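Please find below a short note for discussion alongside the sequence and coordinates.

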Amino acid sequence: MSTSPDHSLGIFSWFGYVLTLPERLALIKAAGFDATSLWWEDEVGTPGITKEAMPNLVRDSGLFLENIHIPYHDCDDLWSESRSTRNAVVRKYQHWLDDCARHKIPIMVMHSSDALTLPAPNRNGLDSITRLLKIAEEGDIMIALENTGREDYIRFIFSQISSPNLGFCYDSSHNRIYGREQIDILEDLADRLVCTHLSDNDGQRDCHWLPGEGIIDFNQIGRVLASADYQAIVTLEVTRGKRDLNKTPEQFLAKAFQRAKLFNGICRRSAKCGFQPATP
């Protein structure tokens with residue numbers, strides 16, 4: 001299954017500036033990025049944009065639509081002891097998979113868990129994920145599970161299910177907050193990696209800073225991806241931090257593109273130097 005162009009650079013379609021989606025997409029393209037991804041809900045604003053209209057807006061801008069990120073507020077229900085509760089959330093996720101097939105979107109990013117106080121993962125959740133994968137396989141869609149606070153859940157799923165339509169979405173900020181300095185979740189699942197959500201933080205909050213603005217070791221992450229021969233899109237999931245508050249959208253995206261290029265060079269073993277430690 002081909003989910004994306006090789007060696008491309010992407011950035012999430014929301015990057016912290018209140019602009020219409022077409023305006024943001026045009027700026028992303030002008031900055032040099034090849035791809036973007038979408039949050040799969042209608043966009044409120046003037047004018048409002050339905051999610052069904054967004055894929056064509058992305059493609060009309062000259063960008064590749066890498067994936068959609070679906071809402072995650074009820075993902076814990078995938079593991080519920082109640083069959084009716086599980087059925088309700090599975091049906092909702094199946095509709096989103098149908099959207100991917102209808103709009104030719106190759107990857108659906110989802111969370112496998114949300115709350116930190118959940119019990120141990122169970123067979124109910126595996127049944128839910130397996131049902132979703134059946135739809136994904138029929139529509140040639142990749143389901144990418146993003147690492148969140150309960151890494152045991154995502155590890156459990158990958159240890160039990162080996163579908164070629166099940167992939168890993170690595171979120172560097174989630175890893176730093178919940179896994180601290182360890183990146184073993186990436187090391188262990190690098191061969192299942194199909195997309196990235198790269199951003200930096202202060203170790204406490206999901207700040208969504210540009211790589212190099214916080215305390216995350218992106219040189220280490222890049223070396224893991226290089227060892228795994230990661231070929232898919234390097235995608236940032238960032239908004240402007242304190243250092244960028246006075247930057248125009250064009251200036252911020254230019255900086256973001258340079259950071260993405262630097263990280264991509266580490267992944268491809270072509271960077272002459274890596275990220276330097278951030279200064280206070």
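**Note on the surroundings of helix H8**

1. The buried residues of helix H8 pack against strand E6 (166-171), helix H6 (172-179), helix H7 (184-189), strand E7 (193-197) and helix H9 (249-267). Helices (H or I, at least four residues) and strands (E, at least two) are DSSP runs, numbered from the N terminus; contact means heavy atoms within 4.5 Å.

2. The model is predicted: local features need pLDDT of at least 70 and side-chain atom pairs pLDDT 80 or more, whereas totals for chains, interfaces and linings use all residues. Residues are numbered from 1 along each chain as its sequence is written, and side-chain values use heavy atoms, without hydrogens and water.

3. Helix H8 (residues 218-227) is largely enclosed by the rest of the structure, because seven of its ten residues are buried. These are Phe218, Asn219, Ile221, Gly222, Val224, Leu225 and Ala226. Buried means under 20% relative accessible area, exposed over 50%, and partly exposed in between (1.4 Å probe, protein chains only).

4. At the start of H8, the backbone nitrogen of asparagine 219 lies within 3.1 Å of a side-chain oxygen of aspartate 217. Aspartate 229, which follows H8, has a positive phi, near 55°.

5. Helix H6 contains asparagine 175, a buried residue with a relative accessible area of 1%. Leaving out residues up to four places away in sequence, asparagine 175 touches Asn147, Glu151, Tyr170, Arg180, Gln182, Ile183 and Ile185.

Note on methods
A polar contact is a pair of N or O atoms within 3.5 Å; within protein, one must be able to donate a hydrogen and the other to accept it, and residues adjacent in sequence count only if both atoms are side-chain atoms.
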